[in-house]
Structures are given as structure tokens and as C-alpha cells.
Amino acid sequence: MINKVLIANRGEIVRRVLRACGDLGLRTVAVYSDADAGASYTRQAEEALRLGEANPVKSYLNLEALVGAIQQSKADAVHPGYGFLSENAAFAEAVEGAGAVWVGPPASVLRAIESKCFCRDIATKVGVPVVPGSTEVLATVDDVLDVAQRLNYPILLKLDRGGGGKGIEKVERPEQVEEVFQRVQRIGTMAFGNPDVYVEEVIGEPRHIEVQFLADHHGNVVCLGERECSIQRRHQKIIEESPSPVVSAQQRQQLTDYATKLARGMGYVGAGTMEFLRSGSGNFYFMEVNARLQVEHPVSEYVTGHDIVQWQLRIAGGDRLSFSQADVQLEGHSIEARCYAEEPGTFRPSPGTIRGIRFPTTGRHLRVDHALEVGAVVPPYYDPLIAKVISWDATRERAIERLAAGLSQFSILGLATSVPVNLLILSSQAYRTGDLHTGFLDELFAEHIDWSMYEPKMFVGES
Amino acid sequence: MDATITAHMPGLVARVVVDEGDQVVRGQEVAVINCMKAELSVESNVDGKVKEILVKEWDEMEVGSPMLVVESA
């Protein structure tokens with residue numbers, strides 16, 4: 001049982017977790033940096049404690065300050081949100097050390113899955129396909145050339161403990177291996193303190209498909225369908241949906257089976273996501289596990305009717321999943337548009353103070369997750385994500401219409417947002433026909449766009 | 001003549017890429033600001049010699065915060 005949850009994060013996800021805590025009758029504690037003092041959720045939570053300076057290293061990444069806040073508030077559980085320390089084994093251990101329950105997978109699991117090769121090895125053992133390549137770290141250039149001999153060039157050299165798209169480099173020919181191998185090792189040492197490298201083949205025309213799952217402490221694992229996240233820019237997702245337009249019922253069953261086997265193989269407990277790549281020829285390959293609540297979880301909630309954040313908290317408290325895989329039915333279609341504080345077109349960051357907001361009408365068909373209000377500051381120190389607009393309807397076509405209508409009613413004054421980019425994507429023929437891939441935006445942006453068409457409006461009819 | 005190079009965007013100083021005494025030219029990157037996880041280049045607006053570096057990694061910048069002084073030729 002847990003009673004009082006400290007939310008170790010900032011922005012929209014804090015409000016999301018607060019809502020789930022409210023639904024479950026749990027008490028709440030928010031934390032904030034100097035840059036977020038006075039944010040809406042710090043007033044909505046029952047308590048709010050300062051962590052430190054604006055710099056995330058001094059606040060949201062500051063283990064000592066976070067442990068201090070747990071002790072001071074006597075919180076008996078910590079929800080880490082996403083980003084920051086949400087997948088950090090040392091933080092999970094520190095939380096447990098402070099006598100609170102970690103709302104996430106056990107620290108031992110977090111530590112093990114940091115290694116991509118460990119995950120690839122588990123997958124191979126439980127019979128889940130991985131992208132062809134090595135399942136162990138390669139120590140020398142000769143080892144790489146050895147493995148590459150049975151692969152098709154181009155190949156990728158990747159960091160075993162990398163992240164955020166860093167330290168992934170393509171090699172076209174064997175002669176280039178040595179130079180790239182050394183470069184990737186250097187990036188690994190500098191950015192992640194670990195130079196370990198492994199090899200993968202390049203998958204052509206990849207689509208990014210991921211499976212949401214819940215695993216309780218009693219050995220039950222249930223998958224909540226897949227999400228397609230193929231519309232990205234520099235590894236930043238922009239539009240996500242569930243179900244994927246290219247996954248058949250039979251493939252969904254296959255992916256569910258894969259994700260379940262992987263979760264069991266890893267000894268996973270909590271909510272998580274198994275990421276897969278789908279090749280142009282329709283094969284699925286396991287990529288990695290995301291051991292946290294994901295930004296795009298609402299689309300899965302809309303199509304399954306299950307509240308993933310409530311389940312995270314209930315599982316952490318020892319509850320047993322009350323439904324089985326057979327009970328999970330995907331209904332209709334849901335799409336999420338991420339709104340970033342960025343200038344459309346240039347993607348230049350746009351921090352600032354919000355001078356006006358007009359929200360779309362929410363309800364059965366539209367949900368807006370955010371922590372915005374007039375007068376609120378969007379600081380320059382953190383992720384640019386400021387809101388998510390999520391639609392649901394019986395068909396994909398209608399869900400697109402709902403989302404486009406919602407986004408065109410969503411205006412923010414005081415800073416630039418990526419809402420126009422979302423509208424442009426939704427109105428494109430390629431998106432409507434479901435022709436998605438990770439290079440989608442580059443193609444769309446190759447044409448000239450008149451962004452003035454999308455100037456924010458506070459009132460209907462305002463010119 | 002001394003020219004002060006200032007931050008054109010708010011954020012945290014990611015790094016200063018020149019040393020005091022270095023010769024720089026107009027348009028050359030002298031520092032990088034991390035704004036909302038994006039790395040933005042700060043360029044010198046004059047030719048000259050770096051006289052003084054006023055910031056260090058992780059310092060908080062606002063638009064117009066002084067970052068370094070260049071003694072123009």
C-alpha cells in the first residue's frame with residue numbers, strides 16, 4: 001500500500017500524475033526548481049518543495065535534493081515521470097533507501113537493461129527477432145569486421161549504453177570501420193562514460209512501432225496494443241497514434257507475444273514499452289525497452305480504456321492486474337500531437353511567458369495534457385514539450401479530423417509553438433494515407449510553406 | 001575598441017569554445033548556449049582578440065547577458 005506520492009518531475013506530466021493520484025485517493029507532493037516556482041502543479045499538489053537552482057543538475061537531476069524532499073515530506077512513493085531520472089537505477093535505489101516505493105521497474109532491472117546487448121541477448125534467448133548484428137560488445141576492429149562479414153553493408157556501429165540518438169554511426173564499407181569504431185568509442189566515453197560498441201545492420205524504410213505493457217508483482221503481464229511513432233525529427237517524436245495503420249490483427253498478436261516474452265525474460269515489473277522497428281518488407285525487430293511512463297501513453301489509454309498511470313501506482317502498491325490479455329480490446333483510433341515551444345519551420349526554441357491561451361473543447365473525443373496558464377513562464381532550461389493534444393474516434397480518418405479541429409482551436413500567445421507543424425502534417429496526403437516513415441518530415445519540409453496561414457488566434461473570426 | 005559578445009537566446013552556457021588571447025573573426029563560433037535542449041551557436045560580431053571570458057559552463061543566460069569581450073583590431 002502507498003499513501004503519499006512525490007512526483008519527481010516538472011511540467012505537464014506532473015499534472016497527469018496528480019490526476020491519477022486524485023482518482024486513487026493518494027496524497028501528493030510536487031517539487032520544483034527556481035525556474036518553476038509558482039507553476040500550476042505546485043499549487044495543485046498538497047505540498048510543494050524546492051529542489052534547487054534552475055539548472056537541472058542542481059534540481060531535477062539532484063539526487064541529494066530529491067532524497068531530502070522525500071524525507072521532509074514523508075512521501076512513501078516516488079513517481080519519476082519521464083526523462084530526468086526516470087530510468088536511473090541509482091535514483092531508484094536512493095528512493096528505496098529513503099524508505100519509499102519506486103513507481104517503476106526494480107533498480108536491478110533498470111541497471112541490466114541499460115545494456116542494449118543484454119536486451120538483444122534476452123530477446124534472442126526468448127525467440128524474439130532483433131536487428132541482425134552482434135548480441136555482445138565488440139572489443140576490437142577485427143571483431144567488428146568479423147561480425148560484419150555475415151551482414152549486409154551499410155552497417156551501424158552503436159553504443160551499448162548510449163541514448164538520445166548519440167553515438168550511432170553508419171559505415172558504408174569495411175575500410176571505414178576502424179575510423180568510425182574509434183569515433184563512436186570516443187563519443188561513448190565522453191557522453192556516457194562507457195566506450196562499449198556493438199553492430200547492427202541498417203533497416204531500410206523503418207517504421208517505429210512500440211508495444212505498451214503492464215507487469216505486476218504477481219507474474220502477470222498484459223499488453224495494451226501498439227503505438228506508431230514514425231513521425232519524428234532528430235529522434236524527437238511529433239505525432240503518435242494507436243493502433244498503427246500497418247499492423248494487422250495477426251501481427252498485433254505476434255507483437256503482444258514478443259513483448260510479453262521480453263518483459264518476463266527481463267523480470268520486468270511496472271509499466272513499460274517495448275520498441276520495435278518494422279522494415280519496409282514488413283519484418284519486426286525488437287530494438288529496446290523504455291522503462292518508464294512514455295509521453296505518448298494517452299493514445300493507448302484512449303483505445304484500451306485503461307488508465308496507465310493509475311496502474312503504475314497500483315502495481316507499485318502491490319495490486320494484481322484485474323484483467324487479462326483476452327480482456328484487452330482496442331476500440332477506435334487515437335492520435336497525439338506534441339506541442340513544443342518552437343518556431344514552426346526553423347524548430348528554433350521559443351521560451352517565454354504565456355500571455356494568452358485558448359484551449360480547444362475537450363471531452364470524449366479530445367484530451368489536452370498540459371500545465372499551462374496565463375502568466376506562466378516556459379523556461380529555457382528544460383525540454384520544449386509544453387502540451388499534448390490527443391483525439392479519439394471510431395476510425396483513423398475521423399480521429400485525424402478531430403485532432404485537426406482541436407489543434408486549430410488551440411492558441412498560445414507569448415511564444416511560438418509547433419501547432420502549425422502538427423496541422424501541416426495532419427493535412428498532408430501522405431499522413432492521411434498512412435504512408436509514414438522516420439524521414440517523413442524532411443520530405444514534407446522540402447516544399448515551401450507559408451507559415452503565416454497558421455498565426456495563432458485568440459478568438460474565432462479574429463484576423 | 002572592445003566589443004562585448006552577448007547571449008542572443010536564454011538558456012545555460014553549454015561551453016565556451018575559445019580561450020582568452022585567441023584571435024577570432026566575425027561570424028566565428030565562440031560559445032554554445034543550451035536552450036530547451038537545443039545547442040545554439042554564439043558568434044563573434046567582430047574580428048579581434050578574445051580579451052576576457054565572462055561566463056562558464058552551466059551559467060544561466062538571458063537575452064543580452066554578456067558572455068565575452070573581444071578587443072577588435
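User: Which residues of the largest nonpolar core touch the most other members?

Analyst: A nonpolar core is a set of buried Ala, Val, Leu, Ile, Met, Phe, Trp, Tyr and Cys residues joined through C-beta atoms within 7 Å. A residue is buried if 20 or more other C-beta atoms lie within 10 Å of its own, exposed if 12 or fewer, and partly exposed in between, with C-beta atoms placed from the backbone. In this structure the largest core has 142 residues, and A:Val5, A:Leu6, A:Val78, A:Phe213, A:Leu262 and A:Phe286 touch the most other members. Domain 1 (4-103) and domain 3 (207-454) of chain A each give this core at least three residues. Another core, of 12 residues, lies apart from it and includes A:Leu138 and A:Tyr198. This is a predicted model, in which local features need pLDDT of at least 70 and side-chain atom pairs count only at pLDDT 80 or more, while totals for chains, interfaces and linings use all residues. Residues are numbered from 1 along each chain as its sequence is written, and chains are lettered from A and ligands numbered from 1 in the order in which they are written.

User: What does A:Val78 touch, and which residue is its bridge partner in S5(A)?

Analyst: Two residues are in contact if their C-beta atoms, placed from the backbone, lie within 7 Å. Not counting residues up to four places away in sequence, A:Val78 touches A:Leu6, A:Ala8, A:Ile70, A:Val95, A:Ala100, A:Trp102 and A:Val103. A:Trp102 is also the bridge partner of A:Val78 in S5(A).

User: In what order do the strands of the open sheet run?

Analyst: Strands (E, at least two residues) and helices (H or I, at least four) are DSSP runs, numbered from the N terminus. Two strands pair if DSSP finds at least two bridges between them. Here five strands of chain A form an open sheet with parallel pairing, in the order S3-S2-S1-S4-S5. Strand S3 (47-52) and S5 of chain A are the edge strands, each pairing on one side only. Helix H1(A) packs on the sheet and touches strand S1 (4-7), strand S2 (27-33) and S4 of chain A. The direction of H1(A) makes about 170° with that of S1(A); axes are lines fitted to C-alpha atoms, for helices over the stretch in contact, and angles run from 0 to 180 degrees between N-to-C directions.

User: Which residues of helix H4 are buried?

Analyst: An α-helix has 3.6 residues a turn, so residues three or four places apart point the same way. In H4 (residues 89-97) of chain A, the buried residues are A:Ala89, A:Phe91, A:Ala92, A:Ala94 and A:Val95. These buried residues pack against helix H3 (63-73), strand S4 (77-79), strand S5 (101-102) and helix H5 (107-113) of chain A. Just after H4(A), A:Gly99 has a positive phi of about 85°.

User: How many residues of domain 1 and of domain 3 take part in their contact?

Analyst: Domain bounds come from an automatic or database domain assignment. For chain A this assignment gives domain 1 (4-103), domain 2 (132-201) and domain 3 (207-454). The C-alpha centres of domains 1 and 3 of chain A lie 23 Å apart, and the contact takes 30 residues from domain 1 and 22 residues from domain 3. On the domain 1 side, H1(A) supplies the largest share, nine residues.

User: Is A:Leu426 buried or exposed?

Analyst: A:Leu426, in helix H13 (residues 419-427) of chain A, is buried because 21 other C-beta atoms lie within 10 Å. Not counting residues up to four places away in sequence, A:Leu426 touches A:Ile400, A:Leu403, A:Ala404 and A:Tyr431.
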